[in-house]
Amino acid sequence: MDDSAKRLLQRLMRRIPTPTLRSALEKWGRLTTEQQKSMDFTQSKWALTERLLGICEENELAVKQLTDLEMIHVIDNPDQGMWYAFQLMDPEDDAKSVDLTQFKEQFKSHLRELVRNVSIKMKKHTDEAVWIRIAWGDTFSRPNHLKPTYIVHYLQTPYVFVTSITSKQKPLLSQALVLSTRYQAIKDANLSGRKLTAIRDLLMKKYQQVFPTKYPIPPPENNQTISNQHIEKEQAELAANRLQMACEAFGGGMLPQLQSAVYKLETKFRDHSNKTMTEREEPFRCVVKFTSTNLLESFRHCASSGIASTPVTPLLSCIPLKGRNYFLITDNGPGPSSQRGQPQV
């Protein structure tokens, strides 16, 4: 093994937790039965790393084989980085007919025309997703396998998910994806998160959607004494209405575990008592960020429990509706100091 392979293995061993190392090595299939048994998983990570280094040197394994082990770990544990969603635009007539073999050949060919030194590896997952690992180099340097980019693309859909990519690499990847999928353009979907499955399910509508129904009309207010039974019935109807509207806005059942939503405001300051701010030519700018372990579930609970008012404001309900969690809110009013302009997303 050369130094680059040793560094890659050492880095990979730091990333793989000891409890999952055994199953990862079994899926990898590069160790014999005797070598697998010689791995004492009760030892420290340092001792396990030294033992695995010795086995890899004995088997004459190189970077190519070690990247297979890395891909196995990343595919089984995708929630270890920030994922960004992109959407392919304007499909050509034959876009739906592109199969895995065509995509692989075209993608590798187009990217290697753009980048002289690049290492590309692809695997098809059981859920039909194509996983791509790219180690980038340039004209004068070899591919850097310590900082790879990972891409997940579902064939026959316009959605692409990317992690660990630089601004310099993004246009190169975009061009290769557009050409190999038979689309004409690609755009940022304004959706990101640490849970790949969450942003995938949100963008591809893989969750239980609830559609509008006829709401029961609450009884009119009056001053007459009402029995407890009538009060309980009215409260139950109101609670049912809130739950229905909350589920229509955010979905029913288990929701994608989106962890954040960002609203960037560039709107006019509206306050008649503060002329200095109201008459400014420059827009009022600020950023509002919501965070939670499950943001959509939190919003749904607030609406259904009465903590937040219903119907749900479009500023929140547009997260699942548009499949986005980054929004720029601006004015659509006719003039700089107009109070009639309403914010738009």
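This is a predicted model: local features need pLDDT of at least 70, side-chain atom pairs count only at pLDDT 80 or more; totals for chains, interfaces and linings use all residues.
A helix crossing is called left-handed if the near helix is turned anticlockwise from the far one by less than a right angle, and right-handed if clockwise.

**The chain as a whole**

- The chain has 12 helices and 10 strands; these are DSSP runs numbered from the N terminus, with helices being H or I of at least four residues and strands being E of at least two.
- Its radius of gyration is 27 Å, well over the 20 Å that the globule rule gives for 345 residues, so the chain is more spread out than a compact globule. The radius is taken over C-alpha atoms, and the rule is 2.2 Å times the number of residues to the power 0.38.
- Along the principal axes, the C-alpha atoms fill a box of roughly 90 × 55 × 45 Å.
- Of the 345 residues, 41% are buried (buried means under 20% relative accessible area, exposed over 50%, partly exposed in between, with a 1.4 Å probe and protein chains only).
- Among contacts with a separation of 6 or more, 68% join residues 24 or more positions apart; contact means heavy atoms within 4.5 Å.

**Helices α6 and α7**

- The axes of α6 (residues 100-114) and α7 (residues 170-181) come within 8 Å and cross at roughly 145 degrees. Axes are lines fitted to C-alpha atoms, for helices over the stretch in contact, and angles run from 0 to 180 degrees between N-to-C directions.
- α6 passes α7 in a right-handed crossing.
- Residues making this contact include Phe 103, Phe 107 and Leu 111 of α6, and Leu 172, Ala 176 and Ser 180 of α7.
- The contact residues of α6 with α7 divide into 9 nonpolar, 5 polar and no charged (Ala, Val, Leu, Ile, Met, Phe, Trp, Tyr, Cys and Pro count as nonpolar, Asp, Glu, Lys and Arg as charged, and the others, Gly among them, as polar).

**Helices α2 and α4**

- α2 (residues 18-28) and α4 (residues 45-58) have axes that come within 12 Å and cross at roughly 15 degrees.
- The two helices, α2 and α4, are therefore roughly parallel to each other (under 35 degrees is roughly parallel, over 145 roughly antiparallel, 65 to 115 roughly perpendicular and the rest oblique).
- The crossing of α2 and α4 is left-handed.
- On the α2 side, Thr 18, Leu 21, Leu 25 and Trp 28 meet Lys 45, Leu 48, Leu 52 and Cys 56 of α4.
- An α-helix has 3.6 residues a turn, so residues three or four places apart point the same way.

**Backbone points to check by eye**

- Most residues other than glycine have a negative phi, and most peptide bonds are trans.
- Ser 164, in the loop between β5 (159-163) and α7, has a positive phi near 60 degrees and is partly exposed at 48% relative accessible area.
- Lys 205, in the loop between α8 (196-203) and α9 (228-250), also has phi near 60 degrees and is partly exposed at 31%.
- A cis peptide bond, with omega about 0 degrees, joins Thr 310 and Pro 311, and Pro 311 lies in the loop between α11 (295-305) and α12.

Note on methods
Residues are numbered from 1 along each chain as its sequence is written. Side-chain values use heavy atoms; hydrogens and water are left out.
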